[in-house]
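Colleague: Could you walk me through this one, please? I am still learning how to look at such things.

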Amino acid sequence: MNIIVPIKQVPETSNVKMDPETGTMVRSGVESVVNPLDLYALEAALSLKDSHGATVTAVTMGPPKARKVLDMAISMGCDDGVLVSDRKFGGADTWATSYTLSEAIKALGNVDLIIAGERATDGDTAQVGPGIAAWMILPLATYISDIEVESEKCLIVERLVEEGYERLRLPLPALITVVKEIASPRLPTLRGKKKAMQTEIRTLSTENLTLESTNLGLKGSPTKVVKIETPKVTRGGTVVEAMDDASVTEAVDRLMDFLRQREVV
Amino acid sequence: MGYAPVTPAIIRELKEILGDKNVLVDEEKIEAYSHDETNEEEYGHMPEVVVTPETAEQTAAVVKLANREVIPVTPRGAGSGLSGGAIPIFGGILLSVEKMNKILEVDFDNMVVTAETGVVTNDIISMVKEKNLFYAGYPMSVQTCYLGGNIAENAGGGKAVKYGVTGRYIQGMEVVTPKGDIVSLGGKLAKDVSGYDLKQLLIGSEGTLGIVTKAIVKLSGLPTASAVLLVLYETARQAIDSVPVIISNGIVPTSIEFMDKLSVQTSCQYLNETLPYENCGAMLVIEVDGSSAEQVESDMIAIGDLCMENAAQEVYIAEDRNAVERIWNVRRNIAEAFKVYSPIQSLEDIVVPTAAIPDIIPELDRISEKYSMKIPCYGHAGDGNLHATLVKDPEMSMEEWHKAEPEALRDLYSVTQKLGGKISGEHGIGIKRRDYLEQLIDPVELELMKGIKKAWDPNNIMNPGKIFN
Amino acid sequence: MSYIWTLAEQANGHLKQVSFELLTRGRKLADSLDTKLASLLIGNGVSAEALRELIQSGADEVYYVEDPRLASFSCETYSNIMVELIKTYQPHTILAAATSSGRTLMPYVAVKVKTGLTADCTELDIEETTGNLLQTRPAIGGNILATIKTPNHRPQMATVRPKSTRPPEPDADRDGKIINVPFKEEWLDGRVEFLGYRKDAGDFENIEEADIIIAGGKGMKKAENFKMLRRLSDSLEGMVGATRDAVDRGWIGYSHQIGLSGKTVSPKLYIGAGISGSIQHLAGIKTSEIIVSINNDPEAPLHKIADFAIVGDLFNVLPELQKRLEGGK
């Protein structure tokens, strides 16, 4: 089986600070990491490789430094990494990104399964996975929490939706996006790291892909960002202490009063 | 002991020195000063009065008064100690340095910071970070601890393998002596052999020789890159045997942390961590840092290779923050995981020569069995400092525990000593280990210590009852 | 002037609440453009009465595509239908819900009709000069708000989170047209086969729909203690949520996870117990109407954004609260 895992480099957000003067995000010193939700996609692919045999290729679109996430993917056990990189790809929205990635994946040829993360934690759109499927006219199953291999050409998957878990029979080739429940990601190993250092990362760009230039980057993106603001969270609330029995009773009394006043109980 | 009580007249005099707002007698307010991070019921004791001087001069005046009246003075930092060092066991005056909390000077030319000792150490770190500097004598354990507490306990922590302990970074200090004099020791000096090094004597003296009111700390270049290895071994011995190999290879890691099977299992189960821990007998967490990503990467690979050559089952690596956090989480959550299992425990910090760590592990098993308690062993393998923690079996009654705990501790300490170790590497003796120390220490050494104490504090008013009687 | 569309959703022949919420958004846009609002529904077995409700709630027209083979969601088939209807009717704007199906179908369709799509919009407006749709959405964990438009492509497409608006008051006298669009065999894409729902999923609940959520974090200490939250949520007729820490520790399933790597919720009341409030978690609860925090750490960031914060031990506070709720108020 030939599995492709599209992954993304995102800013590590747990330490993001806002500049109180300008209201903008302080980007300096913010580390780039592999999108945490992509780790589950990588793990799902690597588990299939362990159990059924597969070649797993991680693909990322970004500047040359994004190669770091491919190194990590290979350190975890992926066979290969492909960097989709070109100045012309810069500023792409999800539509243009999924176009470029789908063309890159087509160029790799012979894909049985594409496994993507649920979404990226920076843009938070969950649109690139389905977009790639649409460009490639592949069947799409999102929010997958479990994969069973029925045959070489068919998977039985479980899909986490509002009503519970749907069970679907999915013919290959197909694209799935996975949720965290699918598996717990493995850590990169030293052996993998050494392999990554020896692996030549293939770069795909406008030079070796046949691309519709009007579909690329900022210019090719149907959506345009017209304004960026910093939301002000203003919620100063009541604070009560409840450190001993008496104050617990009082605090809960006041909470109940508050909830009744706001008509939620 | 014959200490004088804190009378209303004394309170009046204290208020004259400090102003009303810096003298607390209200029971509700002073309760918070009656304990530290040790078990409150077992070790807690109320002070008679709490004072919060704002200057060294006020501190000196309070101590002078206490010395004259023979009232015990217990100095206190943030109260995050683990040996009861800041507990006023004879009542008297509790002197908190909390209001002496200013960073006075950042001297980039000499690479030093001068700060009062009520400063939260973390604040010094944040302040110099943007200049790509850091204060390496910081234990990184509690983000609320004060510089003063770090000095009093000569704090260690996980990074001591590379950076050493607090004492290495203190170049000078201002001290209020037990007689109430103010003296400056050391300075912005890298070298100083002008007489006895009294500054080093103060460091780690647990507040028994005076109150440090100001310190000059040395800064170092901030490491900008780091990586972590998680190394799995079949046995604890294999894990420990690779420690000297790593250290002697020329690359000094920032940390080498050891976790025995019980610690790993309990923490991983608590975290729902799926690392393949079932078949491993021990793990090491090794961190390397430096100023370039390339250097850190090559150090990481060199150390990983050494581990693989020395019987490691697997070496996991973490280069991005999420993976780094995931690995450190296993180590950091051991104590928490055991707290969930049983909140009653005795957190120990024995230190042995690194080569003796494998020998202590079977002893822990023996003690654990003998006294029916769990004893996870984890800690700073790189410097032989282990948090072998006695954990009460939830089934055991408190009565049985109170009987078994001291016996088990005595057993543990005597084994530690036999292996060339000491009973505390970084938490201090305080009140918690005082009686054990007196039983174990060379009487000549104890006499020397007591002699020093007598010379500095003839009335025995400065944090009495700590370290020894 | 071309129409504003909303994509209604159904399950087992019943319209989902979010279908009506979208009409609130759509009505506002249609009015400011002085155009009509239409609702598109793909499914099976929805009664004429239910369809009329869409009209009573603000739709001028309802397009209903019905077939037994449309009973369960299929991205491939549904997108074929939408693509053709979009080509036929050329709507100005399409709004869909940011649900598992909306978030799957809309990007698929956007690619096929070559237009832009903006996810999880919190505000939608019409730019006066151009008539373009202004779509505002939070990004990077809610740290920024971006306003986006699709100036040169049509239709303009956006998804909106469920619960982010109230449904309109139905007006029984409102008039409108119900258009039954006959199903075409060529739309059917049978590649993915729906096999049914997993049977053993037990007490599955969708926290995005909850009016009241009581969530637990690391401070809950162990899985067992989540029973306390369950009891409370039962008394409050709410649902149980959790932080990533709690889910990672295996105390509760992923479907309960709130935050940047879980769900975004907008209940009337959110109670966080033993939750310090990481940026990631806060990103998932910011749009809650009332936030209550219970934590013994006075410095917990959740306390800072809470409407009501109790600094105290949750193991004392929660049982007391439970007692009060059971004690008939």
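Modeller: Gladly, and keep in mind that this is a predicted model. A place to start is the salt bridge in which the side chains of Lys162(B) and Asp289(B) meet, with 2.7 Å from N to O.

Colleague: Okay, and how is chain B divided into domains?

Modeller: Chain B has domain 1 at residues 103-221, domain 2 at 225-334 and domain 3 at 343-428.

Colleague: How far apart are the C-alpha centres of domain 1 and domain 2 of chain B, then?

Modeller: Those centres lie 30 Å apart, and the two domains of chain B, domain 1 and domain 2, bury about 570 Å² between them, with 52% of that on carbon and sulfur atoms.

Colleague: Switching topic: what area is buried between chain A and chain C?

Modeller: About 7,700 Å² is buried between chain A and chain C, and carbon and sulfur atoms give 61% of it. The contact involves 81 residues of chain A and 91 residues of chain C.

Colleague: And how many salt bridges are there between chain A and chain C?

Modeller: The count is 6 salt bridges between chain A and chain C. As for Asp253(A), this residue forms a salt bridge with Arg324(C), where the closest N and O atoms are 2.1 Å apart.

How values were computed: Residues are numbered from 1 along each chain as its sequence is written. Chains are lettered from A and ligands numbered from 1 in the order in which they are written. This is a predicted model: local features need pLDDT of at least 70, side-chain atom pairs count only at pLDDT 80 or more; totals for chains, interfaces and linings use all residues. Side-chain values use heavy atoms; hydrogens and water are left out. Domain bounds come from an automatic or database domain assignment. Buried area is the accessible area (1.4 Å probe) that two parts lose on being put together, summed over both. A salt bridge is a side-chain nitrogen of Lys or Arg within 4 Å of a carboxyl oxygen of Asp or Glu. Contact means heavy atoms within 4.5 Å.
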